[in-house]
Amino acid sequence: PWLKDIANYFNANEADIGFMNTVLRRSRFNLMAHALGLNLRVILTPDVGLLNPKAVYKTLFNNKESLELAYEKSREIPHTFKNMDRDFREKLESNIRSQGLTGLQSTAVRWAFMPLVKVSQGFRVITFVDAYKKALAEGKSDAEATMIGDALVRQQHGASGIPDLPAIMRGSETRKLITIFYGFFNAMYNWQRQAKGEIKRHEWKNAMATLYGSILIPSAFGAALFNKRKEDESIFKFWAKAIGLQMTQTIPLARDIATNLVEGIRP
């Protein structure tokens, strides 16, 4: 069923609902392009992966070598621009297909997203290079090490290729509008789910790393840049709120309800 769904992604008959789809799609693209491009908060909350200080230092210390290695071996890193967000990828593709101000529109969107892409790309390089070198040290072949590195990039940073998206994100235009700005949180949701299996297998170290990377780090960014702390609110309650919001953000619609209840912000 999944394979059929993926194969028939572009086969939907949209003739009867063409006008409404156009309105929904244009609304989604414009929201994405205006809300995310050159947004300082978004740039300062990148998909950092595990944020291993040792791996960060080793990669940045050999920055040129690390970049060359990532671009030579990885199949994910060179396409960060398109893999980072579903709506951004579709917006670029629609601009390329459209007529008129194609060049101007595409260039404007690309430049608006360049800072975010560069920051995200830097952390993806750290994840890939660290995983690739560890796999080689464990005796894996070059091809196996590359596959492991790319798999971790997709797992910890997300990917927006059609096979990488859940059904709700590749469904109708209504579903896509409901899940706008959801790509990062879907990646965190998938990563969080792995902790259950790791705990069952008594892989405590892996489970701790999963919870650290998919819950604690995003919660810390949320607490620092997004969540409001009331004057009489204890630090424990503030952090509990940040963690709770991070976990509910990974579920469409529940994220809006949770934000409204906890923060009092209209979605």
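Analyst: Happy to. On a 1 Å grid over the protein atoms alone, a pocket is an open set of points where a 1.4 Å probe fits, with protein on both sides within 12 Å along at least five of seven lines; lining residues have an atom within 4 Å of a point. Grid points are joined across faces, edges and corners, and a volume is the space filled by probe spheres set on the points. The model is predicted: local features need pLDDT of at least 70 and side-chain atom pairs count only at pLDDT 80 or more, while totals for chains, interfaces and linings use all residues. Residues are numbered from 1 along each chain as its sequence is written, and side-chain values use heavy atoms, leaving out hydrogens and water.

The largest pocket holds about 1300 Å³ of space. Its lining has 36 residues, and Val 42, Phe 181, Phe 185, Phe 226 and Gln 249 are the closest to the centre. Two or more lining residues come from each of helices H2 (18-36), H3 (40-43), H8 (102-137), H11 (183-200), H12 (204-225), H13 (235-248) and H14 (254-263). Helices here are DSSP runs (H or I, at least four residues), strands are E runs of at least two, and both are numbered from the N terminus. By class, this lining has 18 nonpolar, 11 polar and seven charged residues. Ala, Val, Leu, Ile, Met, Phe, Trp, Tyr, Cys and Pro count as nonpolar, Asp, Glu, Lys and Arg as charged, and the others, Gly among them, as polar.

Now for the second largest pocket, with about 800 Å³ of space. Of its 29 lining residues, Leu 50, Lys 134, Leu 152, Gln 156 and Ala 209 are the closest to its centre. At least two lining residues come from each of H4 (53-61), H8, H9 (142-157), H11 and H12; H8 gives the largest share, seven residues. The classes here are 15 nonpolar, seven polar and seven charged.

As for the setting, the protein chain has 14 helices and zero strands. Its C-alpha atoms fill a box of roughly 55 × 55 × 40 Å along the principal axes. Of the 267 residues, 42% are buried, meaning under 20% relative accessible area with a 1.4 Å probe, protein chains only. Among contacts (heavy atoms within 4.5 Å) with a separation of 6 or more, 69% join residues 24 or more positions apart.

Note on methods
Buried < 20%, exposed > 50% of the residue type's maximum accessible area, 1.4 Å probe, protein only.
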